Number of protein chains: 2
Amino acid sequence: MSNSAPVGVFDSGIGGLTVAQEVIRQLPHESVIYFGDTARVPYGPKSPDTVRRYSREIASFLNEQGVKSIVIACNTATAHALTALRQEMDMPIIGVVEPGARAAVAASKRGHIGVIGTAGTIKSGAYERAIRALEPDIMITVRACPLLVPLVEEGWTEHEATRLVAKEYLQPMIDAEIDTLVLGCTHYPLLKALIADVLGPDVRLIDSAEETAAETARTLATANLAAESDADPTYRFIASDDPLQFLQLGQRFLGGTMEGVEIRTLG
Amino acid sequence: MSNSAPVGVFDSGIGGLTVAQEVIRQLPHESVIYFGDTARVPYGPKSPDTVRRYSREIASFLNEQGVKSIVIACNTATAHALTALRQEMDMPIIGVVEPGARAAVAASKRGHIGVIGTAGTIKSGAYERAIRALEPDIMITVRACPLLVPLVEEGWTEHEATRLVAKEYLQPMIDAEIDTLVLGCTHYPLLKALIADVLGPDVRLIDSAEETAAETARTLATANLAAESDADPTYRFIASDDPLQFLQLGQRFLGGTMEGVEIRTLG
């Protein structure tokens, strides 16, 4: 495995770009290949078996592209496929759940963490397991929020309807007096301002993108796989459906750094 | 082709059950095989090429199961794949767009029809073409409503947030004084009461399920493919993802008649 090989980052669609952006920012010498499975998005409502099958297909495709490590930049895919990919792939695999859990435990002041995510992520119990592995006695309140992803994709990040939906989902968290909320889906950072407004100033919001990028840096260093500090990175973005749509929606997540998108059908 | 062969009905997921239900009600002697592509749902935001590829895979699977005719019980799949499937398959193919357009033209009193649907259906222009083929001078106002499907799947058919979303989408239709609205997505009939309330009593709502079932009856009769009047029908429901979830969500659409769901992976 060469140090100059790219890092593979994948997601069910465009949400994982929030993680890719942090990887690019924190590891400026690493090349990145991003794969968004836009032909089969979303993963959130789908079964563990199906999400695992899709994740394996993508990991195997990224392996063919010569990546040295894979970041699963999707909470649902991490919840259902991290263990399997770690067993099956011969390279470091980084998920978003453990870094998010670690950041939440570090941030929590009164020991009550809330977690929101897709139906699949919440049902899997992955965050509860990861948080309790660090801090067995902490209180955890979880809630699946299936409507937040479509609202972000519609661009209604400040719409009154979105506020109403967020209030409905978050009221039990407010009532339960959580002190920290894990944004357990890579789409949610785009709703950070609105969620902060609904929850009030006393609740810390945890967006796992930053922590995941830091974890990627540590993992590559430990495995002696980090790029040389004079390396000139390249970025490739690949989607399984219409590249143009990915490019347009992707700008909302990544800002301006995406020059082109390739298409690749899987399955 | 045998008259006792089943009719194939397919959709991206569970929405097409509103059509299957009408087929079963209006054609009580016809056997039905329903396929819901729950592993790749939704089709609405996806590209024409991808939706066509998925539709071909499903049609070919239904053909292997021995169906005598196929009903595309999904507006997006009809918009992108009806023409291709009619060319490629050696059996009658019925879509939901033409029947809906016909019902709308018949119902419209002042000649101004509104159409709501997924991004894919609206972008395709399929309803405009079908309506103008019947009545070239009619006024048509269209609008993509991507959030309505997730709201129905969340079960929020009477929620205040859904009302707010529907108002935002439909206000231009109200301002434009449409007299008829085509519910151009098989999920929308579950929002009929709320949409009627938002639009007021003067706007006729067109749900293409009834018309599509009637069209299926005419097509089978014309092709000499109708089941014998003493035939004992059988019903099979197949999903590409978790059958249990399909069964649970399916009850909301079909009432109680679904006994079991099989699973079949495509692609």
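Which elements of chain B make a right-handed β-α-β unit? They are β3(B), helix α3 (residues 75–88) and β4(B). Right-handed means that, with the strands pointing away from the viewer, the path from the first strand over the helix to the second runs clockwise. Helices (H or I, at least four residues) and strands (E, at least two) are DSSP runs, numbered from the N terminus.

This is a predicted model, in which local features need pLDDT of at least 70, side-chain atom pairs count only at pLDDT 80 or more, and totals for chains, interfaces and linings use all residues. Residues are numbered from 1 along each chain, chains are lettered from A and ligands numbered from 1 as written, and side-chain values use heavy atoms, without hydrogens and water.

Now the pairings. Two strands pair if DSSP finds at least two bridges between them.

| Strands (chain B) | Bridges | Sense |
|---|---|---|
| β1 (residues 7–11) and β3 | 4 bridges | parallel |
| β3 and β4 (residues 93–94) | 2 bridges | parallel |
| β5 (residues 112–117) and β7 (residues 180–184) | 5 bridges | parallel |

Val71(B) in β3(B) is the bridge partner of Val9(B). Ile70(B) stands opposite Ile93(B) in β4(B). Both faces of β3(B) are covered. Ser69(B) and Val71(B) on one side, and Ile70(B) and Ile72(B) on the other, are buried (under 20% relative accessible area, 1.4 Å probe, protein chains only; exposed is over 50%, partly exposed in between).

An open sheet of 4 strands runs β6-β5-β7-β8 in chain B, with parallel pairing. Why do β6 (139–144) and β8 (204–207) of chain B each have one side without a neighbour in the sheet? They stand at the edges, each with a single partner strand. Inside β7(B), Leu183(B) stands opposite Ile116(B).
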